Amino acid sequence: MAILKIARMGHPVLLQPAEPVTDPTAPEIRRLVADMIETMQDAPGTGLAAPQVHVPLRLVIFKVAPERARTEGAEAVELTVLINPEIEPLSEETALGWEACLSVPELAGLVPRWTRIRYSGLDLDGMRIEREASGFHARVVQHECDHLDGILYPQRMKNLKDLLFSSELRHWAGEAPHAAAESARAAGSPNIKEAS
């Protein structure tokens with residue numbers, strides 16, 4: 001196993017659609033997945049897509065840790081390998097949530113995502129996986145699968161004022177920075193000034 005170099009925003013591999021995996025059981029796919037797992041654990045991260053490690057294939061790995069799942073009363077999701085995934089929204093309802101990405105280091109943004117999805121794909125034995133997901137689980141799957149279509153989370157954002165350094169998240173307590181600034185400006189707060 002090896003820790004792989006993570007592609008960063010701007011690298012061409014992150015801008016193009018990935019190719020389907022023709023044989024999920026191939027030894028080179030197993031090696032890639034083992035290296036991706038080691039890379040994700042080292043980073044550390046919640047998920048990783050093959051294009052993020054410079055391999056343009058439709059393959060993602062992800063997990064939802066027990067402590068994260070408990071914050072929304074959900075169950076943890078063990079490490080999942082999902083090959084040639086497909087996503088179907090189960091409702092039109094979306095929610096904003098903070099996201100970060102190993103390919104967009106030190107930044108976080110408020111991203112709208114479907115709240116409930118069904119996803120499917122293959123595992124390393126070529127067996128079909130099909131699950132329903134909601135909350136953070138659904139967000140992680142959508143985020144990772146976006147990489148397979150050449151999309152990074154800032155491209156999904158509605159307002160780039162809600163893109164900030166991860167270290168500044170503590171100031172916002174889940175609130176959208178652009179909405180807080182507009183409210184403060186409307187209330188005449190002296191702490192929010194227009195740029196001159």
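**View 1. Arg113 and Asp146 meet through their side chains.** In this predicted model, a polar contact of 2.7 Å links the side chains of Arg113 and Asp146. The side chain of Arg113 makes another polar contact, of 2.8 Å, with the side chain of Glu99. Arg113 belongs to strand β5, which covers residues 104–114. Arg113 counts as buried because its relative accessibility is 5%, and buried means under 20%. Leaving aside residues up to four places away in sequence, Arg113 touches Glu93, Thr94, Ala95, Glu99, Arg139, Gln142, His143, Asp146, Tyr153 and Arg156. Look for Glu99 and Asp146 in that list.

**View 2. Strands β4, β5 and β8 form an open sheet.** This sheet has three strands, in the order β4-β5-β8. Their pairing is antiparallel. At the edges stand β4 (94–101) and β8 (163–165), and each pairs on one side only. From one strand to the next, the twist averages 25°. Strands β4 and β5 run antiparallel and are joined by eight bridges. Start with Thr94: it stands opposite Trp114 in β5. Helix α3 packs on this sheet and touches β4 and β5. The direction of α3 makes about 60° with that of β4.

**View 3. Five strands form another open sheet, in the order β1-β2-β3-β6-β7.** The pairing here is antiparallel. Which strands stand at the edges? They are β1 (47–49) and β7 (128–134). Each has a single partner strand, so one side of each is left without a neighbour in the sheet. The twist averages 40° from one strand to the next.

**View 4. Strand β3 pairs with β2 and with β6.** Strand β2 spans residues 59–64, and β3 spans residues 77–89. Five bridges pair β2 with β3 in the antiparallel sense. Leu59 has Ile83 of β3 as its bridge partner. Ile61 stands opposite Val81 in β3. Now turn to β6. Strands β3 and β6 also run antiparallel, with five bridges between them. Here the bridge partner of Glu88 is Arg118 in β6.

**View 5. The largest nonpolar core has 18 residues.** Which residues have the most contacts inside this core? They are Val60, Phe62, Leu82, Ile117, Tyr119 and Val141. Strands β2, β3, β6 and β7 and helix α3 each give two or more residues to this core. Helix α3 gives the most, with five residues. Zoom in on Phe62. Not counting residues up to four places away in sequence, Phe62 touches Leu82, Tyr119 and Val141, among others. Its contacts also include Thr46, Gly47, Val77, Arg131, His137 and Val140. A second, separate core has 16 residues, including Leu32, Leu48, Val53 and Leu124.

**View 6. Helix α3 is largely enclosed by the rest of the structure.** Why is α3 described as largely enclosed? Twelve of its 13 residues are buried, so the rest of the structure largely encloses α3. The buried residues of α3 include Arg139, Gln142, His143 and Asp146, and these four are also among the contacts of Arg113. Val140 and Val141 are buried too, and both touch Phe62. From its first C-alpha to its last, α3 reaches 19 Å. That is close to the 18 Å expected at 1.5 Å a residue.

View 7. How do the elements of the chain run from the N terminus on? They follow the pattern α-β-β-α-β-β-β-β-β-α-β-α. The chain has 196 residues, and 42% of them count as buried. Take the contacts in the chain with a separation of 6 or more: residues 24 or more positions apart account for 65% of them.

How values were computed:
Residues are numbered from 1 along each chain as its sequence is written. This is a predicted model: local features need pLDDT of at least 70, side-chain atom pairs count only at pLDDT 80 or more; totals for chains, interfaces and linings use all residues. Side-chain values use heavy atoms; hydrogens and water are left out. Helices (H or I, at least four residues) and strands (E, at least two) are DSSP runs, numbered from the N terminus. Buried means under 20% relative accessible area, exposed over 50%, partly exposed in between (1.4 Å probe, protein chains only). A polar contact is a pair of N or O atoms within 3.5 Å; within protein, one must be able to donate a hydrogen and the other to accept it, and residues adjacent in sequence count only if both atoms are side-chain atoms. Contact means heavy atoms within 4.5 Å. Two strands pair if DSSP finds at least two bridges between them. Axes are lines fitted to C-alpha atoms, for helices over the stretch in contact, and angles run from 0 to 180 degrees between N-to-C directions. A nonpolar core is a set of buried Ala, Val, Leu, Ile, Met, Phe, Trp, Tyr and Cys residues joined through side-chain atoms within 4.5 Å. The expected span of a helix is 1.5 Å times one less than its number of residues.
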